[in-house]
Amino acid sequence: MTEVLIIGAGPAGLAAATAARRSGARVVVLDAAEDVGGQYWRHLPAQRPAAREQVLHHGWSRFTALRRELTGVEIVTGAQVWLAERHDDRPPTVHVLVGPADGRDREQRTFEPDALVLATGAYERTLPFPGWDLPGVFTAGAAQALAKAERVAVGRRVLVAGAGPFLLPVASSLIRTGARVVRVLEAGGWGRLGRAWTARPTELLGASHKAGELAGYVRDLARHRIPYRVATGVIAVHGRDRVEEVTVARLDAQWAPVPGTSQRVAVDAVCVSHGFLPRAELAVAAGCVTGPEGAVAVDGDCRTSVPGVFAAGEITGIGGADLALAEGTLAGTAAAGAAPTQAQRRAVLTHQRFAARLSDGHGIRPGWTGWVADDTLICRCEEVTAGELRDIATATGSRGLRSLKLSTRAGLGVCQGRVCGRSVEELLDRTTGGLLDPGRTAARPLAGLVRLGELARMQGDTE
Amino acid sequence: MTTTGPARIGPADDPVQPGDAAEIVVLVDDVPVAGLAGQTIAGVLMGAGRQSWRTTARQGRPRGVFCGIGVCFDCLVTVNGLRDVRACQRRAADGDEVSTHD
């Protein structure tokens, strides 16, 4: 029987698991969290039952149906994959530590699957701005996770800002924590948004149920009289030890702040998201070819460049949960050695067209560096400012990202450049007139935090 | 209830209509803080109104939750003597001793 290992239990991973099982494979699913669902269906723990949890979710019935279908699938939660050991002719050996997050005596497990499906999802890209390290500034995803899985409100007067349709469900979640959402600010202008969403409308028919979802969010904004502004963003946050005020300003088509348009707003929390980055380090470690924006390159059946390794969901390009479900179904079927149907392939194409609109309408524009001052923190872990980055690049004359990371320490901290990596690259690319080795920040040989004691114990086991 | 900062939603105000959940207590720098079984350490801290709990090494700046999904490592705490645990990822257990000082 074919053994299929799936990493990630969000929409893509769950769809892959059920499809691979239906196709007759033995299936194991790993997820670092303590529960399945991923970030999209992050939910209350079993210890906190709720009668109407579905009011916080879209597609909740799809999730509960998928979860019921997992019978016969081995689910391993609390599973931190820390190393994908590469082989040229077959899927990598996958090394996993299982136990409480960041614990010290976790169980070590190793998998040698016949086929591997990477469904590791994405995380948010938040652009740096003055004061973004103050407590009370959250990624929009943090506000969402705290609302869905903890029933914690991040603040009482909250401003939501950034780019992309994700801002709307975040505002809706915040409303359901009892917070007052004072504004939702979208950096993209109507011109660009309109062109992206109204061109070739027939292409969007397959994704038409999304219109209903969108209408629900818009109703929420209207009912609570929450202003939605386009071509506007947060360009600074103020406060001593916590957020007290934000400065908002009009942004031009390139996202540069328009002089004379700034205004201060009193808030106690700010939730910011400028887009998403594929969580591709395991794919990179396994030797998979990646394309623009760091997404894993796949063929029409979700095969990566490495034999036996498939990828599905946000790591193949940011496209939302429907695309992730369609890709997961395709990847799970193919990974089990069965032939996907034409209908399964068509579903992926329909949702890919929808995803292309997202990036056309909301993608990050280069003018954001206009709100970054010399003393603005870029690397939060090592506390490196934009001025330090530029000064060191100018002083050393280096155009190598690797050497500049070593001399500035940006991206070398505990998050391994996950938060600042792209922003550091963009700033240095402009200061140096072009980096010689762009894209390097996506390579992380160790995919998770491992304690030295755990490594030492593994060494002892093999001797 | 304070009027600013994070807070856990009261069950009577919560549209999800929560059922019963067991209370737990964790010691945060030796002070008892109440939470609910199944919450993360970050959830317990923020539910009790805490917005920050760590201080950065270089500039001594306060930090709490930023990404909330285990990516940024801003929310690190020491749990039962073990350093560098992401508060947003670790589920709290009744009686956990949490230290916010390295």
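User: How many helices and strands are there in chain A?
Analyst: This is a predicted model, in which local features need pLDDT of at least 70, side-chain atom pairs count only at pLDDT 80 or more, and totals for chains, interfaces and linings use all residues. Residues are numbered from 1 along each chain as its sequence is written, chains are lettered from A and ligands numbered from 1 in the order in which they are written, and side-chain values use heavy atoms, with hydrogens and water left out. Helices (H or I, at least four residues) and strands (E, at least two) are DSSP runs, numbered from the N terminus. Chain A has 13 helices and 21 strands.

User: Why does chain A count as being as compact as a globular protein of its length?
Analyst: The radius of gyration is taken over C-alpha atoms, and the globule rule is 2.2 Å times the number of residues to the power 0.38. For the 463 residues of chain A the rule gives 23 Å, so chain A is as compact as a globular protein of that length, its radius of gyration being close to this at 22 Å.

User: What percentage of the residues of chain A count as buried?
Analyst: Buried means under 20% relative accessible area, exposed over 50%, and partly exposed in between (1.4 Å probe, protein chains only). Among the buried residues is Ser173(A), with a relative accessible area of 6%. For chain A, with its 463 residues, the buried share is 57%.

User: Which residues does Ser173(A) touch, not counting residues up to four places away in sequence?
Analyst: Ser173(A) belongs to helix H4 of chain A, residues 167-175. With contact meaning heavy atoms within 4.5 Å, the residues touched by Ser173(A), leaving aside those up to four places away in sequence, are Gln144(A) and Ala147(A).

User: How many disulfides does the structure hold over all chains?
Analyst: A disulfide is a pair of cysteine sulfur atoms within 2.5 Å. In chain B, the sulfur of Cys67(B) has its closest cysteine sulfur in Cys72(B), at 3.9 Å, too far for a bond. Over all chains, the number of disulfides is 0.

User: Which cysteine sulfur is nearest to that of Cys420(A)?
Analyst: Cys420(A) counts as buried, at 3% relative accessibility. Cys420(A) is in no disulfide, and the nearest cysteine sulfur, 4.1 Å away, is that of Cys379(A).

User: Which pattern does chain B follow along the sequence?
Analyst: The secondary structure of chain B consists of 1 helix and 8 strands. Read along the sequence, these elements give the pattern β-β-β-α-β-β-β-β-β.
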